[in-house]
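Welcome, and please open your viewer. We will go from stop to stop, selecting a few residues each time.

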Amino acid sequence: MAAARNQYEELARQLSAIGAVKRGLGRMLPHECPAGAAAVLTLLERHGEMRMSRLAELLAIDMSVTSRHVAHVAERGWIVRSPDPGDKRSRILRLTPAGRDMLAEIAERYTRALAHYLGDWSDDEVEQLNSLLGRLRTSFDECRPAASTPAPEVT
């Protein structure tokens, strides 16, 4: 089992290095749409309209930071904040056509960047990476509710 431990240690190092990839992609974002704003737009597109509390939950950040991101995208007309019919104190966040346009621009920039940096990868290698990253994300999503319990020891 020593080999498995070494493999997990190497995986941990590789995942830590993914930060450089994320920062590189972040530099591709339009100047007026920083990463936090892009995350808000992406989640609204993926999950549909929602309250800010749900958005904060999905972003895994506190409400004050979420509020700043929401204010940024609302000021640019990428989302609208409407009164929640079920609770007048709350607001429902909705993506606007301008927000969808910004997401299309982000997707185009990301696609061009990935095509450039992975240009020497085969279609099969890109597909394998997509598959394995999706599986990794799913594995972590499945354990999310149990995040307060300690991780099992690797032997």
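**First stop: a loop**

Select Gly 77, which sits in the loop between helix H4 (63-75) and E2; helices (H or I, at least four residues) and strands (E, at least two) are DSSP runs, numbered from the N terminus. This is a predicted model, where local features need pLDDT of at least 70, side-chain atom pairs count only at pLDDT 80 or more, and totals for chains, interfaces and linings use all residues. Residues are numbered from 1 along each chain as its sequence is written, and side-chain values use heavy atoms, with hydrogens and water left out.

Gly 77 has a relative accessible area of 31%, so it counts as partly exposed (buried is under 20%, exposed over 50%, partly exposed in between, with a 1.4 Å probe and protein chains only).

Show the open sheet of 3 strands, ordered E1-E3-E2 with antiparallel pairing. Strands E1 (50-51) and E2 (79-84) are its edges, each pairing on one side only. Strands count as paired if DSSP finds at least two bridges between them; E1 and E3 (residues 87-95) have 2 bridges, in the antiparallel sense. Select Arg 51 to find it opposite Ile 92 in E3.

**Last stop: a helix**

Move to helix H6 (residues 123-143) and pick out Asp 124. Is Asp 124 buried or exposed? Its relative accessibility is 64%, so Asp 124 counts as exposed.
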